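Trainee: I'd like to learn how to read a protein model. Can we go through one together?

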Amino acid sequence: MIDWTSVFDETQVAKGATGAEGAAFAKDFALPLSENEIAEIKADLLKAKIDVQLYDPAKWVLPNKPLPETFLNFLTWNNGGWCRKGEREFGFLGIPDLRSYTLAYMFPAFMPEAVPFALNGGGVFYVFDMREEPDGGEYPILISASGNLGYEDAKVVAQSFIEVCSGTTNIEDYL
């Protein structure tokens, strides 16, 4: 078990997830989009005058791979709070937000097999890159600007969740 208080310099911790919440999340995250989710996304696309056929949410698939145990352990300590290490800030997405942010920002369309787990406070996402099988249960961590999602402009900043949390530089220096 990781002592997360020793990893960060400053924290505003949200109540940790229970084991049951974590298990339900792990089971339900990758489920196909519901009819309601598809309808809401299509309505948002139409409202924004975006071609629904081009970004048809009915075709989206969420990653169906296990999230890193380090991240799931972290969620039992801090399920959606804020942390800082040096100049690196994290506005972590909690269990209720992980799927909704993934869909709202159209990750399945722009970055298939990616799962956002935090924002830096300046509109840059921290993302698990799940295109390849995990290495030791971990995925590379990418950063991607929320207004310019895509693998071509994303940058690798760490090879694991604990590595990205232990870094101290502002991630905007990588963009």
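Trainee: How many Å apart are the mean positions of the positive and negative charges of the chain?

Mentor: First, the ground rules. This is a predicted model, where local features need pLDDT of at least 70, side-chain atom pairs count only at pLDDT 80 or more, and totals for chains, interfaces and linings use all residues. Residues are numbered from 1 along each chain as its sequence is written, and side-chain values use heavy atoms, with hydrogens and water left out. For charges, Lys and Arg count as positive and Asp and Glu as negative, while His and the chain ends are not counted. Each charge is placed at NZ of Lys, CZ of Arg, CG of Asp or CD of Glu. Here the chain has 13 positive and 26 negative charges, and their mean positions are 5 Å apart.

Trainee: Which elements make up the secondary structure of the chain?

Mentor: Helices (H or I, at least four residues) and strands (E, at least two) are DSSP runs, numbered from the N terminus. This chain has six helices and seven strands. Their order from the N terminus is β-α-α-α-β-β-α-α-β-β-β-β-α.

Trainee: What share of the residues of the chain is buried?

Mentor: Buried means under 20% relative accessible area, exposed over 50%, and partly exposed in between (1.4 Å probe, protein chains only). By that rule, 45% of the 175 residues are buried.

Trainee: Which residues have the most contacts inside the largest nonpolar core?

Mentor: In soluble globular proteins, nonpolar side chains tend to be buried together. A nonpolar core is a set of buried Ala, Val, Leu, Ile, Met, Phe, Trp, Tyr and Cys residues joined through side-chain atoms within 4.5 Å. The largest one here has 42 residues, and Phe8, Phe92 and Phe117 are among those with the most contacts inside it. Helix 3 (residues 69-77) gives the largest share, four residues.

Trainee: Where is Phe90, then?

Mentor: Phe90 sits in strand 3 (residues 88-92). It counts as buried because its relative accessibility is 0%. Contact means heavy atoms within 4.5 Å. Beyond its neighbours within four places in sequence, Phe90 has contacts including Phe8, Trp82 and Val164. Phe90 and Val164 are 74 residues apart in sequence, yet 10.0 Å apart in space, C-alpha to C-alpha.
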